[in-house]
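Please keep the sequence and the model in view while reading.

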Amino acid sequence: MKKKLILASNNAHKLQEIREILGNDCHILSLQDIGCHADIPETAMTLEGNARLKASYVYEHYHEDCFADDTGLEVEALNGAPGVYSARYAGDGHDSAANRRKLLKDMNCQTDRRARFRTVICLIENGEEHLFEGEVKGQILDEERGSFGFGYDAVFMPDEYDRTFAELGETVKNKISHRAKAVEQLCRYLRKK
């Protein structure tokens, strides 16, 4: 029988991406699937902290094994910004297009284009917490390219590739992304059990 895990998110893109990465290893439910309509606050100052907050909320309220992730784009020239504020870089509306526009504007005169995507997953299983992390280094382009993906995918080109995440498509991205690396660590942990 497949292990059931709740993903502490209603982000359809994230849910689809994680389900594709995990394949048939687990049955993943979203917050909507369990009837949770709470807007779980992400008030921590770190990716780890936000992942913990979301997973803890679900575990405390639903008493089910669950996991949550938080992802940030950390840009060298911007001292690690947008980082933990990546989803609301241009304001509280979680507007990906506005976030990309702000990032490109902030990077307008920068010569150092180095950046990394980082994902931290917090799994709570039988009340025990486990953290998993993945990262991908790359560059911020000076314009958007590609139509796949979401968030900052159209402006981020991973090292060793000549296309952005948004140009590579979901199949390739789901093999090399920061989230894929963190989820693979989660999978290895679950398979050991």
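Does Lys173 count as buried or exposed, and what is its relative accessibility? The model shown here is a predicted one, and in this model Lys173 has 4% relative accessibility, under the 20% cut-off, so Lys173 counts as buried.

**Charged pairs**

Lys173 forms a salt bridge with Glu17, in which the closest N and O atoms are 3.3 Å apart. Because Lys173 belongs to helix α4 (residues 165–176) and Glu17 to helix α1 (residues 12–22), this pair ties together parts that are 156 residues apart in sequence. Glu17 counts as buried too, at 5% relative accessibility.

Glu17 also meets the side chain of Arg179 in a salt bridge, at 3.1 Å from N to O. Arg179 lies in helix α5 (residues 178–192) while Glu17 lies in helix α1, so the parts tied together by this pair are 162 residues apart in sequence. Both Arg179 and Glu17 are buried.

Another salt bridge joins the side chains of Arg163 and Asp162, with 3.9 Å from N to O. Here Arg163 is partly exposed, with a relative accessible area of 39%, and Asp162 counts as exposed at 60% relative accessibility. Elsewhere, salt bridges that share partners join Glu48, Glu74, Arg116, Arg118, Glu133, Glu135 and Lys137 into one network. The count for the model comes to 25 salt bridges, and the table lists some of them.

| Salt bridge | N to O distance |
|---|---|
| Lys173 and Glu17 | 3.3 Å |
| Arg179 and Glu17 | 3.1 Å |
| Arg163 and Asp162 | 3.9 Å |

**Aromatic rings**

How many aromatic pairs does the model hold? The count comes to 4 aromatic pairs. One of them is formed by Phe117 and Phe165, whose rings are stacked, with 6.0 Å from centre to centre and 25° between the planes. This pair links distant parts of the chain, since Phe117 lies in strand β5 (residues 114–125) and Phe165 in helix α4, 48 residues apart. Phe117 counts as buried at 5% relative accessibility, and Phe165 is buried with a relative accessible area of 0%.

Phe165 also pairs with Phe156: the ring centres are 5.3 Å apart and the planes stand at 45°, so this pair is tilted. Phe156, at 0% relative accessibility, counts as buried. Through such ring pairs, Phe117, Phe156 and Phe165 are linked into a cluster.

Charged groups meet rings as well. The charged end of Lys173 sits over the ring of Phe165, 5.6 Å from its centre, while Lys102 lies over the face of Tyr89, at 4.7 Å from the ring centre.

Strand β5, which holds Phe117, pairs with strand β6 (residues 128–140) in the antiparallel sense over 12 bridges. Within this pairing, Thr119 has Gly134 in β6 as its bridge partner. The hairpin of β5 and β6 has 2 residues between the strands, and in this hairpin Asn126 takes a positive phi near 50°.

Strand β7 (residues 156–158) and β6 pair in the antiparallel sense over 3 bridges.

Note on methods: Residues numbered from 1 in each chain as written. Predicted model: local features only at pLDDT ≥ 70, side-chain atom pairs only at ≥ 80, totals over all residues. Heavy atoms only, no water. Salt bridge = Lys/Arg side-chain N within 4 Å of Asp/Glu carboxyl O. Helix = DSSP H or I, 4+ residues; strand = E, 2+ residues; numbered from the N terminus. Buried < 20%, exposed > 50% of the residue type's maximum accessible area, 1.4 Å probe, protein only. Phe/Tyr/Trp six-rings, centres within 6.5 Å; stacked < 30°, edge-to-face > 60°. Lys NZ or Arg CZ within 6 Å of the ring centre and 35° of its normal. Pairing = 2+ DSSP bridges.
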